[in-house]
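Welcome, and please load the model in your viewer.

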Amino acid sequence: MGQRILVVDDEPLIAMEIESTLSQAGFEVAHMAQSVETALAFLQDGVNVDGAVLDANLHDASARPVVDRLQEMGIPLLIVSGYSADQIGPWAENVKLLRKPIIYSELIKSLKQIATGPA
Amino acid sequence: MEGMLHNSYVAHGYCLMWKPWLVGLHGLSDLLTALAYFAIPVAIFIFVKRRGDLEMKNLAWMFVAFITLCGLTHVVGLITLWAPIYETEGWVKGATAVVSVVTAIAIFPLIPKALAIPSPSQLQLVNGQLTDEIEAHKRTLADLEAARMELERRVEERTQALNESQTFLKSITDIAPTMLYVYDIQNQRNDWMNRNVIVTLGYQPEELRAMGDGMLSSLMHPDDFARYRAHQENQITLAPEETIEFEYRLRSADGEWIWLLSQEMAYTRSADGTVTHIIGAAHDITLRKEQEERIHLLMAEVNHRARNLLTVVQSVARQTSRLSDPATFAEDLSNRLAGLAASQDLIIQGEWQGVRMRDLVTSQLGHLGDSQLSRLVLDGESITVSPAAAQGIGMALHELSTNALKYGAFSNETGTVHIVWTVKMIQESAMFIISWQERDGPAVKAPEKTGFGRTVIERMAGHAVSGEVDLHYDPDGLKWSLSAPLDKVLNRTEQTGRS
């Protein structure tokens, strides 16, 4: 069984492509959310997730509450965004950031690194 | 006559032999001389008394005594013609001699003094000269008065010209849309400023004066004040005609930061050439700075959206590439990018605020021919959807139409397509529903493999608007419908925000 990954992106085509690629690489996409509220709704206590890939802004809202929740739950995460780190803001400083368009080999490599870590 | 003979002397007439004419001559001469000699001292006495300021009065009194005594000798001489009083005559002559000698002795030392006394003619000459001089002085005074009047007229003219010039300058500095100032570098304060400084910054002149040498340090933005130190070094070494610029922020009276661009020149220098005062013009460039900031943000946003769109293209390409041979891939990708571009056009036209549903449908079916378009029925209310919804729904419509053209209602001559969209209340929630229904096409059968087109139709559109998709391959025609909460489809109000 592959590691369970949460994918959060407000752009369905991108979310679906991430999903396809992760599935092919052996991950299991646990859930696909397109907004802060649907992502938080999924992240209930006890949810079975090993990692998360998320966009930095979802429908023009910051993804920060989702990041905070993930960090609180100890779930490793990657941010994938068209924005640079300084554009996103200091809250994303300690989070691994990949720029869009996505280099999928790098996404897979980074996700393997964080999802197999101590957490 | 007999009586006279009993003296030892004889009368002087005797010596004259009593010739009557000779005695008469002597007697008359003595008498007249004596009278004259007595008259002259009287005249001198009167003169001296009347001329109280006369110098050498003592000499005058000596003359009075001397002449009187001379007169007395002549009286005695007259008497001796008949009475031989020679002894008396001798004593009188002696007295006269003493007074005469004393007078003679006294008169010589007085000659220089007497000479010093100006004569009336001299005085008249001097007087004349003085009168001339007075006349000359009067003329000079008149000239001076004229010159003074001329000077006053000129001063008045100059004063008026100066006033006009000052009014002109003040008007210019008052109307200038720029802050103008003269700054005292050493004392760190403004010596002069125009009205615009007050207008722009909002402080009263006395408030600025009260800040004293701390004016700039208390008004300037701390980041800019650090740079200002270096600017001040440039100020004191300014060459003539040289100008320097400085951009900085000052806090206005209402607490806002105002961006200023100052252009400065040397105004006054000390003896060693160091600039002591500068004259400057500060332009309010707040608007420009804000625009620069907006452009900067906009460029960042444009970059973000470009990257996002490239990622969408990347996703479409990757998904199209699966289950495709290279020729089909190129064709399908081109069509899908054209569909994306058509939606993008509408999104840009709507300035990222929203896209009208009818425009979206029309744009995605634009690739159809006239035959197909004549068999297309659109039925929907006027509704504007968000850019994200437009992109998702637009792609679904594009895939549905290309599918219909290949296998469905638009692949024969009789098939029709109905596209209907509406808003309905379902269980107290406003739902947006759009449906695609094909009729009279070739017999429908479900495709065996799931390609990108089907993924888009079945999942992506629903994902885009948090909706549900119904897809039925009915034998009489394909039926597709999407229902989503209205608030997920409608344009959001805060489209320009960023995370």
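UniProt positions on this tour follow the numbering used here, feature names are shortened, and annotations may be inferred rather than shown by experiment. This is a predicted model, in which local features need pLDDT of at least 70 and side-chain atom pairs count only at pLDDT 80 or more, while totals for chains, interfaces and linings use all residues. Residues are numbered from 1 along each chain as its sequence is written, chains are lettered from A and ligands numbered from 1 in the order in which they are written, and side-chain values use heavy atoms, with hydrogens and water left out.

**Stop 1: an annotated aspartate**

Select D55(A), where an unreviewed UniProt entry places the feature "modified residue: 4-aspartylphosphate". D55(A) sits in strand β3 of chain A, residues 51–55. Strands here are DSSP runs of E with at least two residues, helices are runs of H or I with at least four, and both are numbered from the N terminus.

Is D55(A) buried or exposed? It is buried, with a relative accessible area of 2%. On this scale buried means under 20% relative accessible area, exposed means over 50%, and partly exposed lies in between (1.4 Å probe, protein chains only).

Now show the residues around D55(A). Beyond its neighbours within four places in sequence, D55(A) is in contact with V8(A), D9(A), D10(A), A63(A), V80(A), S81(A) and K100(A). Contact means heavy atoms within 4.5 Å.

**Stop 2: a pair beside the aspartate**

Keep D9(A) and K100(A) on screen: their side chains meet in a salt bridge, 3.0 Å from N to O. D9(A) is in the loop between β1 (4–8) and α1 (12–24), K100(A) is in the loop between β7 (96–99) and α5 (104–115), and the pair links parts of chain A that are 91 residues apart. A salt bridge is a side-chain nitrogen of Lys or Arg within 4 Å of a carboxyl oxygen of Asp or Glu. Both D9(A) and K100(A) are buried.

**Stop 3: a strand residue in chain A**

Next, select E28(A), which lies in strand β2 (residues 28–33). E28(A) counts as partly exposed, at 23% relative accessibility. Its side chain makes a polar contact of 2.9 Å with the side chain of R4(A). A polar contact is a pair of N or O atoms within 3.5 Å; within protein, one must be able to donate a hydrogen and the other to accept it, and residues adjacent in sequence count only if both atoms are side-chain atoms.

**Stop 4: where the chains meet**

Color the two chains separately and turn to their interface. Chain B gives 33 residues to the contact and chain A gives 30. Together they bury about 2,900 Å², 49% of it on carbon and sulfur atoms; buried area is the accessible area (1.4 Å probe) that two parts lose on being put together, summed over both.

How many salt bridges cross the interface of chain B and chain A? The rule finds four. To see one of them, select E19(A) and R459(B), whose closest N and O atoms are 3.0 Å apart. On the chain B side, α11 (286–321), α15 (387–406) and α16 (452–464) each supply at least two residues that touch chain A. The largest share, 14 residues, comes from α11(B).

**Stop 5: inside chain B**

Stay with helix α11 of chain B and select T320(B). This threonine is buried, with a relative accessible area of 2%. A polar atom of its side chain lies 2.5 Å from the backbone oxygen of V316(B). Outside the four places on either side in sequence, T320(B) is in contact with F329(B), D332(B), L333(B), R336(B) and F452(B).

**Stop 6: the annotated spans of chain B**

Select residues 127–164 of chain B, which an unreviewed UniProt entry lists as "coiled-coil region". This span is 100% helix and 0% strand, with its end C-alpha atoms 54 Å apart. While you are in chain B, pick out E150(B), R153(B), R154(B) and E157(B), which are linked in a network of salt bridges.

Finish with residues 31–48 and 60–85 of chain B, where an unreviewed UniProt entry places the feature "transmembrane region". Residues 31–48 are 100% helix and 0% strand, with end C-alpha atoms 26 Å apart. Residues 60–85 are 77% helix and 0% strand, and their end C-alpha atoms lie 31 Å apart.
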